[in-house]
Amino acid sequence: MRTKYREVFAAIEKDILFGRYDDTRKLRTEDAYIEEYNVSRNTVRNAIDLLVKRGYCFPIQGCGVFLRHKRPAFCYDLENINGLTSNMAPLSVTNDILEFREIQADEKMAEKMEIPLGNPLYYVVRMRSVEQKPYVYEINYFNKLLMPKLDEHIAQSSIFIYLNKETRQPVSFMDLVIKAVKIDAKVAQALCLNEGDPGLYLEGFTMIRTGEVVQYYECICHYENARFFKLSSYY
């Protein structure tokens, strides 16, 4: 379950992404957030500190907390571990389910996910688009023991929202490797590209707070539509 300050952080983050502060480019006062969310001052300060660390805003002593420049459209924020739907907000993300089945972990997956051989997994292949533009071909392995009620209906929306809100197994950290590859015919067809075109390959592990791997994934991103954004801060 999320701590209270992370809930406030998520609410303010959503408002930032959906343009609530576009006119002023400034967050509200601590007192305003205390009243809006019915939380303590310490909770609000922790939430704002996290927003600052994530690079959304910066404080000016005596003046308030101001937003940084907007990131370019279609950019995947490498600091945001809440999935593509959250990253792309308010742009629309659609998911086409290409495969969805239950399998058992073979030696390769057992080693990668640090689970017993034969552990039940969900194998989910999705083609994901942003604003109807092909964005990423995604191959996922989910540990069924950590999210037993995953189904195709959930997979057609945001699996991360389901994971964080419904299973009470919130994502805590993620390891990610990115490299350039040449895509094969199957992936090229899904991404509306040509075989041999470049692609951005992502291999990642998603962990919950216990350190258990809940997801292993391999993705190929559309080399023209997908971009990545890294927020940096001196704090």
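Analyst: Let's start with Met113, which touches Leu121, Tyr141, Phe142, Asn143, Val213, Val214, Gln215 and Tyr216, leaving out residues up to four places away in sequence. Contact here means heavy atoms within 4.5 Å.

A quick word on the background. This is a predicted model, where local features need pLDDT of at least 70 and side-chain atom pairs count only at pLDDT 80 or more, while totals for chains, interfaces and linings use all residues. Residues are numbered from 1 along each chain as its sequence is written, and side-chain values use heavy atoms, with hydrogens and water left out.

Back to our residue. Met113 sits in helix α5; helices (H or I, at least four residues) and strands (E, at least two) are DSSP runs, numbered from the N terminus. With a relative accessible area of 1%, Met113 is buried. The cut-offs are under 20% for buried and over 50% for exposed, with partly exposed in between, using a 1.4 Å probe and protein chains only.

Met113 belongs to the largest nonpolar core, which has 22 residues; Met109, Met113, Leu121, Tyr141, Leu191 and Tyr216 touch the most other members. A nonpolar core is a set of buried Ala, Val, Leu, Ile, Met, Phe, Trp, Tyr and Cys residues joined through side-chain atoms within 4.5 Å. At least two residues of this core come from each of α5 (107–113), β5 (120–130), β6, α8 (185–191), β8 (198–208) and β9. Of these, β5 gives the most, with four residues. In soluble globular proteins, nonpolar side chains tend to be buried together. Met109 is in contact with Glu114, Ile115, Leu121, Tyr141 and Tyr216, leaving aside neighbours within four places in sequence.

Next, the sheet. Six strands make an open sheet in the order β4-β5-β6-β9-β8-β7, with antiparallel pairing. Two strands pair if DSSP finds at least two bridges between them. The edges belong to β4 (93–104) and β7 (171–182), each with a single partner strand, so one side of each has no neighbour in the sheet. From one strand to the next, the twist averages 15 degrees; axes are lines fitted to C-alpha atoms, for helices over the stretch in contact, and angles run from 0 to 180 degrees between N-to-C directions. Within the sheet, seven bridges join β6 (residues 133–143) to β9 (residues 213–222), and these two strands run antiparallel. For Tyr137, the bridge partner in β9 is Ile220.

For contrast, take Phe18, which lies in the loop between α1 and α2 (30–37). Phe18 counts as exposed, at 51% relative accessibility. Its contacts, leaving aside neighbours within four places in sequence, are Ala89 and Pro90. The C-alpha atoms of Phe18 and Met88 are separated by 10 Å, with the two residues 70 apart along the chain.

One more pairing to finish. Strands β1 (residues 57–60) and β2 (residues 64–67) run antiparallel and are joined by four bridges. Pro59 stands opposite Val65 in β2. Three residues lie between the strands of this hairpin, where Gly62 takes a positive phi near 85 degrees.
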